[in-house]
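Visitor: Could you walk me through this one, a few questions at a time?
Guide: Gladly! Let's have a look together.
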Amino acid sequence: MKVAYYPGCSYETSGKDYETSAKFVCNKLGIDLIEIPDWSCCGSTAAHSTDHLLAVSLAARNLALVEKMGFDTVTASCSACYQRLALAQTELAQDKKLLEQVNEITGYDYKAAVKVNSILEIIACVDEESIKAKFTRSMENFRIAPYYGCLLVRPAKIKIDDPENPTIMDRVLQTTGARVVDWSHKTECCGASLSVSNNDIVTALVSRIIKAANVADANCIVTACALCHLNLDYYQSFVTQTKGALKEMPVFYFPQILGLAMGFSKKDMGVEYNITDTSELVKKVV
Amino acid sequence: MQRIGVFICWCGSNIGGVVDVPAVAREAAKFHGVVYSAEYKYMCSEPGQEMIVSAIKEHRLTGVVVASCSPALHEITFRKNIARAGLNPYMLEMANIREQCSWVHQHEPEKATKKAIDLVRRAVAKAGKLEPLFESTIPVTKKALIIGGGIAGIQAALDIADAGNEVVIIEREPTIGGKMVLLDKTFPTLDCSACISTPKMVSAAQHPNIKIYTYAEVEEVKGYIGNFSVVVKQKARSVNSKCTGCGTCWAKCPTKNIPNEFDLGMSMRKAIYIPFPQAVPNRPVIDRERCRQFVKGKCGVCKKFCPTDAIDYEQGDEFVTENVGAILVATGYDLIDWAKIYGEYGYGKYPDVITGLHFERMVNASGPTGGKIVRPSDGEQPKTVVFVKCVGSRDEAKAREYCSRACCMYTAKHAHQVLEKIPGSQVVIFYIDVRCAGKAYEEFYLKTLHEGAIYTRGRVSKIYPEGNRLIVKGADTLLGRPVEVVADMVVLATAMIPAEGSADVARTVGFTVDKDGFFQEAHPKLRPVETNTGGVFLAGACQGPKDIPDTVAQASGAAAKIIGLLSHSEIAGEPTIARVNEAMCSGCLACREICPYRAIEPKEIVERLPGKQVTRVVASVNSGLCQGCGACTVACRPGALNLKGFTNEQLLSEVDALCL
């Protein structure tokens, strides 16, 4: 299966390990991710919080490129990229006037017929038996708190799952033999881009999420978003500094878990990029 | 040739302040067929009506046009009026130049005057085509049937029966009583709900004019106002009428631990049971899905111990036909299944998040905890109780848009009961608005407020457990800040929705529901207890969310209407119903499909053609069932159906008058 792939700005920086592991896993599952040539900004926070038209146009340019490639589906690993593209697509498909306006800005004749799926949905579409057939390691020592954050499940018109209790990632992770815990903070806010401007808030929010994962008896958190990952991983040390001792919790991207189960090396999966120590847990499988 | 009189009303300044009434009258005098045209300040007043009567006589009028307010208001007044002058009352046509003209065009009087003239021209055109119509008579069976034995059904039954009419109550549960007997104390007087409702249940059961079917459903309704034939399905109770209610059977029944529906699963019952000690009738039923005799084919304990040989495992469902003149629907409400909708409150995962009805059972002295307020998870007394109002109500994004009306008051009552029963307790109530419109309601709310309930204006965004307590996150929109409360128990005031199966009841009986599934009244203000189907009435929460005082008031209102209907031995049938022109009818019966009142039946007719006889099927209108909606006339392809008083010819003449 060939799918157009939108990498996004975090793909060679904070989200490099997400991108790399996702590509390895997709490759193994027979999913070809074809990068969009000359892709540009998705219209994330800086744009969508200031100018709606700008945000839609930025996303639309990339969607138009996908159409030009002759693909009908595009995926993105980053949740923010996925959400911007998906929301723009929904709006453009419903509002002909907006589409005309945006096409004038981008200079493309976009028809608004591209389907936008997150990488999680793409992988979740592969049938369970085919995924299981690729596994060589059992992840039974992993007790995972799946963390969805806000962008995969909101707003209601593009949500990929139940916004209050999503389970799509739970189902994918369960195939590895890992224990997926039921917990209360699946979709709580991680503080997102406030980590740039107001990290006190992020520290407070992260502290609760980590605490809740501990209460649920998880030994790691798994995310599908580069920014969630950054906040949850990086801010744990600040939590310890400002809010007292905290049982540290490794934070993975979901393809890293699948990749480890498939027998990929620690290096391929980029688990050493993590700030919180993952070695204890990873040692149990590798 | 018609001789038409036109009477234009000023309605004080309502019409006269905008529309140039004398100009309209002058124009009307020129219309074809008009022999007299006049105006007057108040046409509906005594002198106004006299003016019409004398004009009819003096000018030998054959048809009358009154241009005034909506026909919904005064059509009947003027029909009676022209009848006094010897005209057929249906020789009247009204032009609505108030609601549909002067009121909506207050700022453009010239255009309003022009429109009024157009509307009068239309009415005159139709008046020229009117035909006299005659009311038929329908016999009335002096017996009422009530669907639903809650407080609404019981109250109405007692009122109708006390007036000397027979009443049949159909209740699907094993006992009458409905939701009210589940409740503890009732706001704002704090009198015990069961103490005031169980005597009514007993009165109903003992009333010589009332017959009660419990554990029964309405299977089929045929007929029309005054003459309904209702098939009642009496579900197999497995206990016959020899039962004395001694209680030996349920004491001996070995199948225990079945969650008792009456206590919302908070207590257990046996497989043979009565829902609660004051049940009416005091006769148990066997839960055949759980009873060992039925599931495994052996047990027979209850039969063995029954001293009166009342247990009958072989009993089957029975069907009984009741002939009645009126039907009252009082099927009540259910609470919305919040656990399927509100993931942010845990989808029902947390045992200490309960609904207001659970709280009622719990705080009730005869309830599963003997009146103690305890946490379902560990039986401990909660110290901090959070109440969340509008769960499922006023939430157009996730559930229902409407306000459930009773929740503000019962939550205030719950808060009062927590503060009264648990010393040192804390109560936090999240609300959108506090709505206390009712006699002594505001006072009750203020009392709770002064007792220390903390009212926080805002919605709750999330509830999650931390240790054995619950964290309730919400907003205080007055302070503009997020708030968090650590609670021991959370009580949700969940939305009232139409009772399960009420759509089936509406379909079986044959009347309409509104967008929320509540039963549609004929008019929200002026005909609140009637449906659009003649002889079918409404009471209680099946028509919309209501508290007990409103329910009882509406029940008595509906009873008064039914007593009025049953006081006649025959009633006049509306003449404005559909009529089939059999010569034109092709017998396709498209009309039968579209008729919402099931008033059209096929009929065989014999036609004589040159040299032979042909038998064919045509549509026939049941004049008792037809409500004159006109849907069939639109569906009729050959144009064989006409609505009397609104015939195709009449309507087209109106269109011509307006458009040509």
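Visitor: In which sense do strands β21 and β27 of chain B pair, and over how many bridges?
Guide: In this predicted model, β21(B) covers residues 384–391 and β27(B) covers residues 489–494. Within this pairing, Phe387(B) stands opposite Val491(B). The sense is parallel, and the number of bridges is 5.

Visitor: Which strands are at the edges of the open sheet in chain B?
Guide: The order of the 5 strands is β20-β27-β21-β22-β23. An edge strand pairs on one side only. Those strands are β20(B) (353–355) and β23(B) (454–457).

Visitor: Which helix packs on the sheet?
Guide: Look for a helix touching β21, β22 and β27 of chain B. Its direction makes about 175 degrees with that of β21(B). That helix is α13(B), residues 407–421.

Visitor: Moving to chain A, is helix α1 largely enclosed or exposed?
Guide: Let's count: 10 of its 13 residues are buried, among them Tyr18(A), Phe24(A) and Val25(A). Those buried residues pack against several elements of chain A, including β2 (32–35) and α6 (119–125).

Visitor: How far apart are the end C-alpha atoms of α1(A)?
Guide: Start from 1.5 Å a residue: the 13 residues, 16–28, should span 18 Å.

Visitor: Is Gly517(B) buried or partly exposed?
Guide: Gly517(B) sits in the loop between α15(B) and β29(B). Buried would take 20 or more other C-beta atoms within 10 Å. Gly517(B) has 14, so this residue is partly exposed.

Methods. Residues numbered from 1 in each chain as written. Chains lettered and ligands numbered in written order. Predicted model: local features only at pLDDT ≥ 70, side-chain atom pairs only at ≥ 80, totals over all residues. Helix = DSSP H or I, 4+ residues; strand = E, 2+ residues; numbered from the N terminus. Buried ≥ 20, exposed ≤ 12 C-beta atoms within 10 Å, placed from the backbone. Expected span 1.5 Å × (residues − 1). Contact = placed C-beta atoms within 7 Å. Pairing = 2+ DSSP bridges. Axes fitted to C-alpha atoms, helices over the stretch in contact; angles between N-to-C directions.
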